[in-house]
Amino acid sequence: MYLFTNSLLPESKWSEAYPKMWLQRVELQKDKAVLRWPHDQNHAYYVGGYEGCGCGWRAISYCDEPEEIVLKKKDRESLLLLLKELDLESTWLVVCWEGDQGEPLDGVELISMANISDAEFEFQELHRYEIA
C-alpha cells in the first residue's frame, strides 16, 4: 500500500519479532515507478503490514488463522490512527502488487474511515482511495 500526503511522517521498519504496520518513505532514486502516479502531495510512503509487505491489507478470510485475524485488525487500527492525524483532503492511498507500481490506476474510489476499520473491506489493486 502507498500513502500520498503533504505530511512528513515518522518512518519505521518491519520486525519479524514484532510484526505490525510500518512506514517507509518512497525515495525518488529507488522508487521512480511509484512517483509516476499523478499526485500533488509532497510525500509518498510505503505502508507495510504485519506480514512485512502489503498482503496483510487483504480482508479477513475464513481461511485465516486466529492470530492472523488479530494482526490484520491491529494493522487497520494503526492505519486509522495514522490517518486521523493527517489532512485527509490531501491524502490518498493505492494498493498494488510488487512490480505494478506506476501502472495506470483504475479510478478514484471515495471511502470512509469506517470502510478502513472494517476488516472485511477489501482494498482493490490500482484504485486511488480518497478518504472522506
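**View A. Tyr2 and Tyr46 are both buried.** Here "buried" means under 20% relative accessible area, with exposed over 50% and partly exposed in between (1.4 Å probe, protein chains only). A heads-up before going on: this is a predicted model, where local features need pLDDT of at least 70 and side-chain atom pairs count only at pLDDT 80 or more, while totals for chains, interfaces and linings use all residues. Residues are numbered from 1 along each chain as its sequence is written, and side-chain values use heavy atoms, with hydrogens and water left out.

**View B. Strand S3 (residues 43-48) is mostly covered, with 6 of its 6 residues buried.** Strands (E, at least two residues) and helices (H or I, at least four) are DSSP runs, numbered from the N terminus. His43, Tyr45 and Val47 point one way from S3, and Ala44, Tyr46 and Gly48 point the other way. Strand S1 (residues 2-5) pairs with S3 in the antiparallel sense over 4 bridges; to count as paired, two strands need at least two DSSP bridges between them. Phe4 has Ala44 as its bridge partner in S3. Strand S2 (residues 22-25) also runs antiparallel to S3, joined to it by 4 bridges, and Gln24 stands opposite Tyr46.

**View C. Eight is the number to look for here: the count comes to 8 aromatic pairs.** Rings of Phe, Tyr and Trp (its six-membered ring) pair if their centres lie within 6.5 Å; planes under 30 degrees apart are stacked, over 60 edge-to-face, and the rest tilted. The Tyr2 and Tyr46 rings have centres 5.3 Å apart and planes at 70 degrees, so this pair is edge-to-face. Tyr2 sits in strand S1 and Tyr46 in strand S3, 44 residues apart. Phe4 and Trp92, on the other hand, are stacked, at 4.3 Å centre to centre with 10 degrees between the planes. That pair links S1 to strand S4 (residues 92-94), 88 residues apart. Phe4 counts as buried because its relative accessibility is 0%, and Trp92 is buried at 0% too.

**View D. Tyr2, Phe4, Trp22, Trp37, Tyr46 and Trp92 form one aromatic cluster.** What sits over the ring of Trp92? The charged end of Arg128 does, 4.0 Å from the ring centre. The rule for this asks for NZ of Lys or CZ of Arg within 6 Å of the ring centre and within 35 degrees of the ring normal.
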